[in-house]
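Subject: Structure handover

Hello,

Please find the structure below. My notes on it follow.

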Amino acid sequence: MALTNADLQAIAQLIQPVKDDMQSMKNDMQSMKDDMQVLKNRTTNIELTLENQTNHNIQLLAENHLNLVDKLNAAIRVQDKSILCEVQVSGLRYRVEALEKAFSELKAQTV
């Protein structure tokens, strides 16, 4: 039982969709490889940016933050003194008002 030319053509026609699918898969694979290369390049660029710029800027911010914290601590000490003075002045005002009232009452009694 030998295959005839018609049999071979029929087999070729049956195999042709498989060949087309394989070619389509090869094209898809090449497209995926290209996309992966693009992603790899982008990842490398992101890593370099993080290493060279972002990390450096974060370090600068942290150093400046420490300076601000020191200045804030100094300002809080001054503010604490200011609040203490306000409390003392408030107390003195209360005493002066009480003395003025008592003086006015004494003055009214003597007249």
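A compact globule of 111 residues would have a radius of gyration near 13 Å, whereas the protein chain has 45 Å; this radius is taken over C-alpha atoms, and the globule rule is 2.2 Å times the number of residues to the power 0.38. The model is predicted: local features need pLDDT of at least 70 and side-chain atom pairs count only at pLDDT 80 or more, while totals for chains, interfaces and linings use all residues. Residues are numbered from 1 along each chain as its sequence is written, and side-chain values use heavy atoms, with hydrogens and water left out.

Along the principal axes, the C-alpha atoms of the protein chain fill a box of roughly 150 × 35 × 15 Å. The protein chain has one helix and zero strands; helices (H or I, at least four residues) and strands (E, at least two) are DSSP runs, numbered from the N terminus. Helix α1 covers residues 5-110 and includes I11. V69 is also in helix α1. V69 lies 57 Å from D28 in space, C-alpha to C-alpha, and 41 residues from D28 in sequence.

Buried residues make up 0% of the 111 residues in the protein chain. Buried means under 20% relative accessible area, exposed over 50%, and partly exposed in between (1.4 Å probe, protein chains only). I11 counts as partly exposed because its relative accessibility is 36%; V69 counts as partly exposed too, at 31%.

Regards
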